[in-house]
Amino acid sequence: MRYSQSKEQSAELLRVVLARMGQHDAAFNPLTYTVWFEYAAGMNADLNRALDQLLSTKPRLTDDDMWEMYQSHVADVDPQAMHRIGDDLQKVLATLASAAGSTGDNADQFSAQLESLAAGLQSLNGGLMTSVVSQAIEDTARMRSSAHALEAEVKGSQSEIQRLQSELTRVRDESLIDALTQVHNRKGFDEKLADMLARPLPPGRLHGLIMFDIDHFKMVNDTHGHVMGDRVLQAVGEVLKSCLPNGSPTSVARYGGEEFAMLIPESTVEECLRLAELVRTRTKALKIRDRRTQAVVLTITISGGLAMLRQDEDAQALTTRADRALYQSKQDGRDRITCA
């Protein structure tokens with residue numbers, strides 16, 4: 001695991017990181033926080049050397065500087081690990097806020113007791129003792145003020161961490177989506193597949209994987225250009241999304257190039273075949289038009305290969321069988337679904 005710091009170490013690093021971030025012009029975002037976290041933790045020697053060198057010539061770093069540091073030295077960071085660190089920091093801050101609040105409350109109560117005692121001694125004309133108690137009251141007031149200031153600062157830090165976590169979640173979600181087709185990308189597919197394989201199967205149900213490939217896609221690019229090719233990919237992405245059953249855990253991904261994948265947890269062969277046929281027929285019904293004249297430019301077809309998870313089968317074996325079934329569909333003339 002990339003980040004192995006304990007909760008106590010994370011709390012200490014939090015104070016250092018926030019102080020560092022406050023000295024520069026870069027925005028308070030997950031990317032900036034990650035760079036300074038790794039720098040403060042001393043866990044990334046290349047990053048520390050690069051940052052120290054940059055700081056020697058540029059005392060206030062910008063968003064561009066942070067982006068460069070991140071891309072060059074941190075870019076393989078696991079967003080889930082970052083999120084776990086954020087959760088730990090939140091817990092630490094909550095504990096600190098609670099402790100600071102309790103300290104402030106106790107100081108309030110102690111101050112009230114001292115003031116009552118001072119009033120009582122004053123009535124007994126205990127001048128010297130009253131002076132001692134008055135000094136204690138002043139010291140307690142300072143302690144109370146410090147405790148309340150700490151509580152406010154910690155609560156402010158909690159709000160900032162919550163904002164950073166929300167931003168991190170957004171960035172992580174975006175990193176799993178294919179920008180062109182707006183379905184999951186290969187990384188998103190891998191995560192969804194791992195999640196599916198980890199789900200226990202109810203009796204009579206199986207996990208299914210369908211691999212799809214647009215027929216003669218190279219010809220589309222060669223004949224009509226890559227802009228039209230992108231439109232075809234977007235249209236197929238929309239078809240796949242339109243075929244997802246409402247409320248179903250079924251998910252869609254662009255596996256690579258013109259190849260797509262559909263994951264169907266807890267299903268049957270018959271249900272998966274119906275879904276695959278729905279994708280095939282809707283794709284075949286697509287009409288890609290010229291945006292200026294609305295004339296139909298081309299129609300397309302799609303081939304598919306279905307594999308149902310076997311006992312003790314891993315992700316690679318399942319994907320390989322689905323891919324072989326897809327290849328068989330291509331060999332048999334395309335525009336068809338083959339079940340492995």
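Reply:

H10 lies across strand S1 (206-214), strand S3 (259-267), S6 and S7, and runs at about 170° to S6. For that angle, axes are lines fitted to C-alpha atoms, for helices over the stretch in contact, and angles run from 0 to 180 degrees between N-to-C directions. Helices (H or I, at least four residues) and strands (E, at least two) are DSSP runs, numbered from the N terminus. Bear in mind that this is a predicted model, where local features need pLDDT of at least 70 and side-chain atom pairs count only at pLDDT 80 or more, while totals for chains, interfaces and linings use all residues. Residues are numbered from 1 along each chain as its sequence is written, and side-chain values use heavy atoms, leaving out hydrogens and water.

Now the sheet: it's an open one of 5 strands, ordered S2-S3-S1-S6-S7 with mixed pairing. Strand S2 (251-256) and strand S7 (337-339) are the edges, each pairing on one side only. Pairing here takes at least two DSSP bridges between two strands. S6 (residues 302-308) and S7 run parallel, joined by 3 bridges, and glycine 304 stands opposite isoleucine 337 in S7.

Back on the helix, leucine 273 belongs to H10 (residues 269-284). Leaving aside residues up to four places away in sequence, leucine 273 touches Leu306, Ile337 and Cys339, a contact being heavy atoms within 4.5 Å. Its C-alpha is 8.8 Å from that of threonine 338, 65 residues apart along the chain.
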